[in-house]
Amino acid sequence: MEPKPKHLSDLIQYINETNRSVEHLVDVLFKKIGSGNWVVVFKVLVTVHHLMVHGNEHFIQHLASRNSLFTLHNFLDNSVVEGYTMSIFIRRYSRYLNEKSLAYRTMESDITKSKSRLAGMMRTMKTTDLLKTIIVIQTQFDALLNCNANPEELTNGIVHAAFMLLFKDSLRLFAVYNVGILNLLGKYFDMNKNQCKDSLDIYMKFLGRTTKLMQFLKVAEQVGVDKNHIPYIPQTPHSLVEALKQHLDSLEEENDIFPPNSLQHALRTSISNIPVVKVSPNRAWFADHTPAEARWQDGPIIANNLYDSFSSIVGNKHPVLNK
């Protein structure tokens with residue numbers, strides 16, 4: 001069974017108290033990661049992900065500042081029949097959370113936050129910075145898409161909880177990714193030859209990731225997410241890819257001399273007509289999937305039953321949160 005909202009709420013209250021509480025809680029969570037039990041480890045990962053998304057930003061800041069993160073690339077619980085399959089998902093899921101933390105360290109912003117300043121910056125970012133930033137986004141997005149699951153696996157409560165957090169991240173991550181790609185295409189004809197090569201490679205990989213995202217979203221629909229809350233992602237016209245390749249060929253043939261204005265105009269028109277992907281689900285979806293919020297009493301946050309909440313999440317009693 002997945003962590004209960006009430007217990008996640010209590011942990012959010014706890015980390016909202018002081019920065020020291022964040023450091024202490026992270027230390028506790030990382031100690032529990034050392035368990036060989038897939039249920040305990042998986043619940044801790046879901047808890048960490050939930051706190052990264054819905055908790056105080058100090059939580060993800062602290063994760064990003066650590067010298068080491070999750071080291072579960074060799075994790076295997078073969079004590080039970082389902083342990084092998086779940087261990088595969090745990091290894092992939094922990095890698096995504098690592099990449100999410102590392103991206104925050106690089107960008108100083110959580111790309112998947114609804115009010116992330118990065119989305120606005122991507123619209124006007126200069127070419128050199130844009131190329132570097134998109135690489136960071138690509139790496140995190142690849143790790144997310146690697147956490148694929150089939151509908152049968154999602155009948156497990158813990159896997160389903162992780163998948164829904166990944167689903168929400170995927171939409172917001174792709175939204176920023178898409179903004180960056182549109183900006184990159186808009187600058188394409190003002191780039192030098194090497195930048196054009198890099199940009200074309202990035203764009204071709206973007207198309208491949210878009211296909212994988214569509215498969216990921218199809219699974220989300222199959223497990224009960226309303227299709228009205230799943231964005232429609234239009235196919236990119238083949239003519240656009242050909243136009244980009246043609247421009248790069250012209251630079252290579254002419255030794256960085258731009259093609260005639262008539263050709264540039266035709267190519268720019270192809271790019272300006274590319275459909276903008278709308279990937280943010282409507283307000284109704286988020287209203288139905290609200291995070292566990294901290295409860296307030298006359299202003300200050302009170303962390304009620306923190307010990308019991310954490311014990312319930314990891315599945316056994318542990319007096320580590322005593323101050």
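How do the axes of helix α6 and helix α8 cross, and within what distance do they come? In this predicted model, the axes of α6 (residues 117–124) and α8 (residues 157–187) come within 8 Å and cross at roughly 10°. Because angles under 35 degrees count as roughly parallel, α6 is roughly parallel to α8. On the α6 side, the contact is made by Leu118, Ala119, Met122, Arg123 and Thr124, and on the α8 side by Val176, Val179, Gly180 and Asn183. By type, the residues of this contact are five nonpolar, three polar and one charged.

These two helices belong to a protein chain with 13 helices and zero strands. Of the 323 residues in the protein chain, 51% count as buried. The chain exposes about 15,700 Å², and carbon and sulfur atoms supply 50% of that area. Among contacts between residues at least 6 apart in sequence, 78% join residues at least 24 apart.

The cysteines are a separate topic. A disulfide is a covalent bond between the sulfur atoms of two cysteines. A search of the whole structure finds zero disulfides.

| Residue | Relative accessible area | Class |
|---|---|---|
| Cysteine 147 | 1% | buried |
| Cysteine 196 | 0% | buried |

Cysteine 147 counts as buried because its relative accessible area of 1% is under the 20% cut-off. Cysteine 196, at 0%, is buried as well.

Note on methods: Residues numbered from 1 in each chain as written. Predicted model: local features only at pLDDT ≥ 70, side-chain atom pairs only at ≥ 80, totals over all residues. Heavy atoms only, no water. Helix = DSSP H or I, 4+ residues; strand = E, 2+ residues; numbered from the N terminus. Buried < 20%, exposed > 50% of the residue type's maximum accessible area, 1.4 Å probe, protein only. Contact = heavy atoms within 4.5 Å. Areas by Shrake-Rupley, 256 points an atom, 1.4 Å probe, with all protein chains shown as cover. Axes fitted to C-alpha atoms, helices over the stretch in contact; angles between N-to-C directions. Parallel < 35°, antiparallel > 145°, perpendicular 65-115°, else oblique. Nonpolar A, V, L, I, M, F, W, Y, C, P; charged D, E, K, R; others polar. Disulfide = S-S within 2.5 Å.
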